[in-house]
Amino acid sequence: MILSMTGYGKSESQFRGRKMICEVRSLNSKSMDLSTRLASSLRAHELDIRTLIAQRVERGKVDLAIYEEQNTLSCSEGQGGTLSPINWKAAKEYARQYSEQFGTGVPAEVMASILRFPDVIKAQEDTTDVTEEEWKAIQAQINAALDAFIAFRTQEGAALQRMFTEKLDGIADLLAQVEPFEKGRVAKIKERLEQNLAQLSTETQAQIDRNRLEQEMIYYLEKLDITEEKVRLTNHIKYFRETMGELRDKSQELRDGVGKKLGFIAQEMGREINTLGSKSNQSEMQIIVVKMKDILEQIKEQVLNVL
């Protein structure tokens with residue numbers, strides 16, 4: 001089973017009367033690259049949060065965001081909500097620029113829009129230390145987001161595995177198409193060599209050692225033989241399939257990634273296909289090799305997304 005390095009997970013909970021949102025997203029990367037954006041009340045726990053993420057996420061460019069969505073309560077409601085302070089200096093500057101640009105006063109609807117600008121309304125930061133009970137709740141929320149994140153990676157990995165299977169089938173089918181051209185290939189090469197020899201002068205032909213010629217011809221034909229390349233490529237395809245089907249140790253969760261191994265196998269497949277191309281001296285075989293290279297490049301591109 002393979003997992004994708006592309007993932008997304010989200011969880012929500014209530015924290016101190018506000019909605020706490022945790023989001024985890026990732027893209028492909030050769031190693032673990034974690035960036036965090038935390039609510040002010042959780043900055044003291046950043047190292048603990050990073051450790052928690054590292055225990056469940058092995059590779060990828062991971063972005064973790066934990067932020068509070070403050071409830072907005074109007075004064076007329078008579079409730080005990082906390083109102084965000086207004087940066088009047090910034091609001092006046094926006095109003096001044098509007099008046100200078102249009103030569104008029106600031107309409108009420110425009111002023112209402114200005115008062116909603118991010119740098120005009122700044123939410124009050126909660127710097128109160130997190131209690132042990134609150135920290136346990138935050139850990140549970142992070143794990144819930146990671147559960148959704150891993151489920152997303154699993155779903156994307158299943159789609160990648162179906163794509164790889166289809167592409168491998170395509171390479172295997174193309175490899176089977178080489179065989180008909182291979183059967184008559186040796187006879188054609190030998191016939192062409194004989195024709196070239198026949199064009200030599202009678203004196204030159206008389207000087208040719210026929211035994212040595214046969215030995216050299218056999219050696220030449222053996223160098224053009226592609227049996228080994230076909231066998232190795234078939235074995236690489238089989239190993240690629242087996243690697244995709246490897247079961248992960250659930251106790252280690254994501255530590256048994258196979259993406260790098262699949263990348264190495266794809267490289268070996270490329271070597272065998274390139275050798276097939278260099279030994280192909282028929283246009284039909286070269287066309288087949290080009291098609292195999294095209295499919296393999298598609299595999300290599302997507303292998304980069306495999307964990």
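**Entry 1: the cores.** I started with the largest nonpolar core, which has 30 residues in this predicted model. The residues with the most contacts inside this core are F164, I171, L233, F240, L262, M269 and M292. I then looked up which elements give two or more residues to the core, and found α4 (132-183), α8 (227-244), α9 (259-279) and α10 (283-303). There is also a second, separate core of 22 residues, and F15, M20, I49 and L64 are among them.

**Entry 2: F240.** I picked F240 and asked which residues it touches, leaving out residues up to four places away in sequence. My list came out as F164, L168, L262, I265, M269, I299 and V303.

**Entry 3: aromatic pairs.** How many aromatic pairs are there? I got a count of 3. One of them is Y98 with F102, a tilted pair at 4.7 Å centre to centre, with 40 degrees between the planes. Y98 and F102 both sit in helix α2 (residues 88-102), 4 residues apart, which is about one turn of the helix. Are these two buried or exposed? Y98 counts as partly exposed because its relative accessibility is 22%, and the cut-off for buried is under 20%. F102 has a relative accessible area of 55%, so it is exposed.

Next I checked F164 and F240. Their ring centres are 5.6 Å apart and their planes are at 70 degrees, so I wrote this pair down as edge-to-face. The pair links distant parts of the chain, as F164 is in helix α4 and F240 in helix α8, 76 residues apart. Both F164 and F240 are buried.

**Entry 4: the hairpin.** I moved on to strands β1 (residues 7-15) and β2 (residues 18-27), which run antiparallel and are joined by 9 bridges. These strands form a hairpin with 2 residues between them. In the turn, R16 has a positive phi of about 55 degrees. For F15, the bridge partner in β2 is R18.

**Entry 5: E23.** My last stop was E23, which is found in strand β2. Why does E23 count as buried? Its relative accessibility is 13%, and buried means under 20%. The E23 side chain makes a polar contact with the Y8 side chain, at 2.8 Å. Setting aside neighbours within four places in sequence, I found E23 in contact with Y8, G9, K10, D63, L64, A65 and Y67.

Note on methods. Residues numbered from 1 in each chain as written. Predicted model: local features only at pLDDT ≥ 70, side-chain atom pairs only at ≥ 80, totals over all residues. Heavy atoms only, no water. Pairing = 2+ DSSP bridges. Buried < 20%, exposed > 50% of the residue type's maximum accessible area, 1.4 Å probe, protein only. Polar contact = N/O pair within 3.5 Å; in protein donor to acceptor, adjacent residues only side chain to side chain. Contact = heavy atoms within 4.5 Å. Core = buried A, V, L, I, M, F, W, Y, C linked by side-chain atoms within 4.5 Å. Phe/Tyr/Trp six-rings, centres within 6.5 Å; stacked < 30°, edge-to-face > 60°.
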